[in-house]
Amino acid sequence: LISSCGFLGMNLTLHFTEENSTSFRSSYSSFIGTRSYKISLIEDKEVKVNITTSKGTLSVKVYDSSTSFYEGNIDSDFSFTLNLNKGNYKAKLSTKEHSGSYSFSW
């Protein structure tokens, strides 16, 4: 469990992240920068992704050592499901500024 709060110029940045072995999620008024997460699957699974957007664009990439399984720039509410095989994956989320939330669960 990670929680942070800080000031960037005159903008208040609130960020809350919760992570466990089957999900991670965050809700925030302003997210600036990059976050990376590990997705470790002990069997084939569906990974459900839900993004909400109040402002800005969130870049999302889900990949392993050799293949990108999803890559896109999301600027509105968006949900999708990835069917992934047993293995280790990474999710990278980055933005210049995004307000909203994301959740990944499997």
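1. Leaving aside residues up to four places away in sequence, H98 touches Y28, S29, S30, F31, I51, T52, T53, K55, G56, T57 and L58 in this predicted model. H98 itself lies in strand β8, which spans residues 87–105.

2. With a relative accessible area of 0%, H98 is buried, and its side chain makes a polar contact of 2.7 Å with the side chain of Y28. Y28 and F31, both of which H98 touches, are buried too.

3. The structure holds twelve aromatic pairs. One of them joins F24 and W106 edge-to-face, at 6.1 Å centre to centre and with 65° between the planes. Because F24 lies in strand β3 (residues 23–41) and W106 in the segment after β8, this pair ties together parts that are 82 residues apart in sequence. F24 counts as buried at 0% relative accessibility, and W106 counts as buried at 16%.

4. The rings of Y28 and F31 have centres 5.3 Å apart and planes at 70°, so that pair is edge-to-face. Ring pairs link F24, Y28, F31, Y37, Y102, F104 and W106 into a cluster.

5. A ring also features in another kind of arrangement, in which the charged end of K61 sits over the ring of Y63, 5.0 Å from its centre.

6. As for the protein as a whole, there are zero helices and eight strands, and buried residues make up 35% of its 106 residues. Among contacts between residues at least 6 apart in sequence, 67% join residues at least 24 apart. The accessible surface comes to about 6,300 Å², of which 48% belongs to carbon and sulfur atoms.

Conventions: Residues are numbered from 1 along each chain as its sequence is written. This is a predicted model: local features need pLDDT of at least 70, side-chain atom pairs count only at pLDDT 80 or more; totals for chains, interfaces and linings use all residues. Side-chain values use heavy atoms; hydrogens and water are left out. Helices (H or I, at least four residues) and strands (E, at least two) are DSSP runs, numbered from the N terminus. Buried means under 20% relative accessible area, exposed over 50%, partly exposed in between (1.4 Å probe, protein chains only). A polar contact is a pair of N or O atoms within 3.5 Å; within protein, one must be able to donate a hydrogen and the other to accept it, and residues adjacent in sequence count only if both atoms are side-chain atoms. Contact means heavy atoms within 4.5 Å. Accessible areas come from the Shrake-Rupley method with a 1.4 Å probe; for residues, only the protein chains shown count as cover. Rings of Phe, Tyr and Trp (its six-membered ring) pair if their centres lie within 6.5 Å; planes under 30 degrees apart count as stacked, over 60 as edge-to-face and the rest as tilted. A charge sits over a ring if NZ of Lys or CZ of Arg is within 6 Å of the ring centre and within 35 degrees of the ring normal.
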